Amino acid sequence: MDGLRKIEVTAGVYWVEAGPMRVLCGCPADVVKHLMKRGLIATVDRNGQSYETGPNAILLSDVMVQNGAFANLAEFPVLQMLYRQGMILPGHPGNTGIKPLVMGSSDQVSAQLQYIYRGNYGLVSQEELVEAGVPPDEAHDMMRLKQRFAFGAIRHPSDLLDTVVIDSGPATIAAGLSVRRLRLNVFEFSYGGERVVVDLNLAPSETYECPYPLGFHNIPREYFAVVHSGEGDGWDVNGPSMGSVLMFQGKVYLIDAGPNILGTLTALGIGVNEIEGIFHTHSHDDHFAGLTTLVRSDHRIRYYATPMVRNSVAKKMAALLSIPETAFADYFDVRSLEMDVWNDVDGLEVRPVFSPHPVETTLFLFRAMWEGGYRTYAHFADICRLEVLRSFVTDDPDQPGISQALFDRVATDYAVPADVKKIDVGGGMIHGDAYDFRDDASGKIVLAHTSGKYSVAQRAIGSAASFGTIDCLIPSDHDFIWRSAIEVLRSAYPEVPENQLRALLNNPMATFNPGTILLKDRQTTKEVLVVLSGSVEAIRPEGGVRNILSSGAIVGELTGVFGTLASETYRALGFVKALRISCSLYGEFVRRNQLFHDIARLMERREFLQRTWLFGEVVSIKPLNRIAREVRPHTFPAGSLVDIGPESMGVVVRGCLERLIGEHTVGTVGPGDFFGEEMAVFWTPSMYRLRAVQATEAMILPAAAVSDIPSVRWRLFEVVGKRMSVYVEDGTGTGTVDALRWHNDFRINVVRLDNQHRRLLELANAAQGVAAAQGDPANVVAAIDALREYALYHFGEEEAILSRAAYPEVEHHRANHAAMNAALRDLREEVAAGRRPVDSEIGTFLRSWLMDHIIGDDTPVGPFLNAKGIY
């Protein structure tokens, strides 16, 4: 093709083509399926060999998370390039000697390489397996098997991919084709005198689109049932990847969380707040990519997995988001399962079983007590076909492969019967084969994990299950949805007697069809609706703002009690069940229990919080009430500096604050915006100061109450990351010509430490900017304090990593850190006492101080850690 061509694929995704290059711009979940549906990936035949076309380069988003969803998930696009296009296969027509190309900012490129590394292999050494609780002899056997899947050697993606870092100027991709960043997430491609601009930013209420329609289902809450929510794989353009929804005693559990899980839940009439827990088999993207949907709940969803699977998943998420592995527990209520035994999960019994796969994987067997014994469900994702596994058998314990004893154990585990057994039949080297289950004694076998049509032989062995179908193992004799109703009312009114709550409970349950308007803006209502299941969107037409509400939300409360006009339209996204309470009864309930004053104050605050971007999605009445009760109003006079302490954050009600680095304004905080979250929620010193541009009213919130809500914490994480990216990529901040800019040569190729070094650089620049302005010494002291506080945090993290890796110079490193801390402390004391003039020489000191650490001390650390599989 001649010239330069741009195609919009879907929201936030573009295709740019010029000369030999085919660039996928943006790669959220299931982007390969979008390309297939648009014909940009197609099957061709050459010399009798069939293979796929597709992209040969990926342009990453500058930010990892957009509107709550992963923006960069290059695992499947890279697999498609390497294997389905054949770019890595010897003698393949698609192998032209050119490697797939990944490009973007240095931090995103580094994060993607490490995420792909963990996605390919999971835990990469026997030591990591032992740390995850695997006995040493079993860890040795698992590494042998892992190496056999990896054709004898675990390789970092840098061996398989080329990378280009897009920094401050144009970056050359191929002959005549270059790309440059215009601003955050906006790029310009140039080729042969032509130019096209690609904007990867999503609009505030825009989401990445699901590539397939699902329809809507009104799912009952059974005693013990399996809802089939995905029978495809990562390449199936017509439906979700293999997964199931498990109902037990009316509670909702997920088995895995693949891409577009929010669309799946909406189609099934399940709100994310209803999810009790997730049972996780392994970390491949088609079972992992939906985890960000689950952190959008208002409570920490229980995460059930064996320690080895959890460690593999936590390392992959940490690599993807450049966060500590321990941060996984900030978003999930982690519950460990013991391998090969029946674990009790609130009456539901689950037994994880080892499954041979390139990453740590377990199958799940579930059972519930019933007449005559147990009812059972087996979920077998992902598995390896026995023919392949048999070819891995070797008696040499030092060679890649599998022992005969382990092969026999796996074959025995495959044959365990169940009332319903769902199996991976994806074939190839790393997936299952229906033929291995031809003599299985299970009551019903369900085929899954494939994008192709079932063969005659497969259809003779197992059943198909279309999306939303149910296998009910133990039926329910009552509707468990009423239990949700009383729990919501108790959480909303904890001090009201039970008999009074039952007056509200004695009202009809309504089911709203998908797309139904529950309450329209600028209208009054005759009823208050307590959402019990499903998802509702709240729309403010004048601003185009859209938030998603789930179970536990109350629609029309303010309107119903005070008779005011609704400020939003509430609309059912899927099937929604709600308790319908007349306004007259609700008003009498409020008056009788003397709630009017309290409820008026709480509702006013809740109404304000729900209208903000931060609290508007998913957060139900229980956490909102807790926050609303602890809010304290505060007014900052014009020109005053904002100080709310390290254990609080704020939301602006009226007025405006400006963010300052030194004396340079780098942003503003207006009504509905928040501040103070860096230290209060993430315990990271802020590089900004805040000053009131005018008299500003704010709500001050306790950080503890906020940080316990995963959906709010996740949104804060997204915004803080984007703010940092704007600062780094745009080079804004100090307003001084001597500011240090991050350079690729500063990287030591350990993502977590590189990101911390970048933050140190930003804080050093902030302190330098204050000093160069020759302003108030107190401001310089505050900037140095912020730098020193973060430096101590970084030193501690770095020393812990080096100690775990048995770095031989760790004590020398520790001594250097102590000396650096002392030097910074001395500088701070000299400035505070007036013995050191506030001038540009402070910037010179800080640049030397920082470069001695990054270039001097840490450069040798990178190769040592990389050699141990730490990137």
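Colleague: Leaving out residues up to four places away in sequence, which residues does leucine 321 touch?

Modeller: Keep in mind that this is a predicted model. Leucine 321 belongs to helix H9, residues 307-321, and sits in the largest nonpolar core. With residues up to four places away in sequence not counted, its contacts are Met64, Val65, Phe70, Trp714 and Phe717.

Colleague: Is helix H23 largely enclosed or largely open?

Modeller: H23 covers residues 751-772 and reaches 31 Å from its first C-alpha to its last, close to the 32 Å expected. Buried here means under 20% relative accessible area. Since 21 of its 22 residues are buried, the rest of the structure leaves H23 largely enclosed.

Colleague: What about H5: which of its residues are buried?

Modeller: First, its length: 14 residues at 1.5 Å a residue should span 20 Å, and the end C-alpha atoms are 20 Å apart, so the two agree. The cover over its buried residues includes helix H3, helix H4, H9, strand E22 and helix H11. The buried ones are Ala139, Met142, Met143, Arg144, Leu145, Lys146 and Phe149.

Colleague: Which residue takes a positive phi just after H5?

Modeller: H5 runs over residues 136-149. Just after it, a phi of about 60° is taken by phenylalanine 151.

Colleague: On to the open sheet of 4 strands: which are its edge strands?

Modeller: The order is E36-E42-E37-E40, with antiparallel pairing. E37 and E40 pair over 2 bridges, with valine 651 opposite phenylalanine 674 in E40. An edge strand pairs on one side only, and here those are E36 (632-636) and E40 (674-675).

Colleague: Last one: is alanine 572 buried or exposed?

Modeller: Alanine 572 is in strand E34, residues 569-572. Beyond four places in sequence, it touches Phe512, Asn513, Pro514, Gly515, Thr516, Leu518 and Ser535. Its relative accessible area is 0%, so alanine 572 is buried.

Key:
Residues numbered from 1 in each chain as written. Predicted model: local features only at pLDDT ≥ 70, side-chain atom pairs only at ≥ 80, totals over all residues. Heavy atoms only, no water. Pairing = 2+ DSSP bridges. Core = buried A, V, L, I, M, F, W, Y, C linked by side-chain atoms within 4.5 Å. Buried < 20%, exposed > 50% of the residue type's maximum accessible area, 1.4 Å probe, protein only. Contact = heavy atoms within 4.5 Å. Expected span 1.5 Å × (residues − 1).
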